Amino acid sequence: MMKLKWGMIGGGEGSQIGPAHRLGAQADGNFELVAGALDHDAEKGRKYAESLGISPDRAYGNWRDMLAAESAREDRVDLVTVATPNATHFEITKAFLDAGFHVLCEKPMTMTVEQGEEIVQVAEEAGKICAVNYCYSAYPMVREMRHMVAQGEIGKVRLVVTNFSHGHHGDATDADNPRVRWRYDPEMAGVSGQFADCGIHALHMASFIAGDEVRELSADFASAIDSRVLEDDAMVNFRMEGGTVGRLWTSSVAIGRQHGFDIQVFGETGGFRWASEQPNQVYYTPVGGRTQIMEKGENGLSDEATRLSRVAIAHPEGFPLAVANIYVDLAAAIRGGSSGNLPNAVDGVRSMAAVYAAVASAKERGKWVDARPPMFR
Ligand code: NAI
């Protein structure tokens, strides 16, 4: 099968997420990196693009030049990944969708709910895929949990408890480091710090596994480090449309926790436990039975988990290959297959609505508020 042509915006040299996209997109031979505007510094971006094998005429100094030039080419890119800082996602994603490109946008997809609704509409009108990189949902064993819930194997989901809490911004003496400080500065980060950065991954995961959507929430925000305007710790209680009860803790001051993302799903007839630091195992307990460890690559898993597992049982597959699974689904969808499991613009706008709801709730000392985007009320 012909490789799909792929372009990147952002994710330049030294960026945090850029390498995971390059490893992920190219892991299975579906995509070839042929174009990019990789850096806010035009010259640095061009040089780095060329060092990655992009030809000089497609190593762009900025995304507007890339949009104009790629739009005019017969062999234009099939997919554009937007891996720039949050405040630029809306403008770039909208422009490329409008011009008829498929887009994978980093999270959070936009800075406001209105922008998120606009992206949903633009993608629909253009008939293009707008995926959002909720990459943890693409781990094979997360897909297995989603499949088992959909098959009724743990009965109706009663309760989801999830944490995305790390301690990497817990050192008060490092709070002024520019790489840390911007995340808690409303000018740069928007209305929310830690909840918009990490909490939305956990919220998306809860919906993804439970097969249900968040309806309302109550939030408590704290800035454990006094100089921070935005929250570095949040506790969010939520209720889903189907009645599932949710509890979510997210923090960046939980010293000792590393990546710190885990989820427990409790149904009427069984429960699951999964953690991103051991992504290849799910602990499954049927009601009245013993706890079993289900392992990526073992016999008897669903097709949804098996198709995303590359190496044999007990050989670890980690984060870049979860991102790769997003690209596996993207390649399938671009080639005309199903995009059912792919996190998309609707997930992106639901997250943004939850962020604004949490901010409003926290300001009113935990008042319960509607967490749905207006377009889904
Ligand atoms: P970073 O600051 O490490 O890198 C950003 C890159 O974008 C740099 O190379 C910079 O030069 C480039 N850039 C900035 N403005 C640009 C522009 N206008 N045009 C072209 N390039 C531009 O940021 P990081 O941590 O890689 O985050 C990028 C995005 O990825 C953020 O939205 C973040 O939330 C998201 N992210 C997602 C993760 C996930 O698990 N899905 C994990 C980490 C980050």
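The model is predicted: local features need pLDDT of at least 70, side-chain atom pairs count only at pLDDT 80 or more, and totals for chains, interfaces and linings use all residues. Residues are numbered from 1 along each chain as its sequence is written, and side-chain values use heavy atoms, with hydrogens and water left out.

**The ligand**

Next, display the polar contacts (pairs of N or O atoms within 3.5 Å). An N or O atom in the side chain of Asn-86 is 2.6 Å from a ligand oxygen. For His-89, a polar side-chain atom lies 3.0 Å from an oxygen of the ligand. At Gln-16 a polar backbone atom is 3.0 Å from a ligand oxygen. The ligand alone exposes 850 Å², of which the protein buries 83%; these areas come from the Shrake-Rupley method with a 1.4 Å probe.

**Helix 5**

Now select residues 113-126, which form helix 5; helices are DSSP runs (H or I, at least four residues), numbered from the N terminus.

At the N-terminal end, select Thr-112: its side-chain oxygen lies 3.0 Å from the backbone nitrogen of Gln-115, capping the helix. After helix 5 comes Gly-127, with a positive phi near 65°.

Finally, which residues of helix 5 are buried? They are Val-113, Gly-116, Glu-117, Ile-119, Val-120, Val-122 and Ala-123, where buried means under 20% relative accessible area (1.4 Å probe, protein chains only).

Notes. Polar contact = N/O pair within 3.5 Å; in protein donor to acceptor, adjacent residues only side chain to side chain. Helix = DSSP H or I, 4+ residues; strand = E, 2+ residues; numbered from the N terminus. Expected span 1.5 Å × (residues − 1). Buried < 20%, exposed > 50% of the residue type's maximum accessible area, 1.4 Å probe, protein only.
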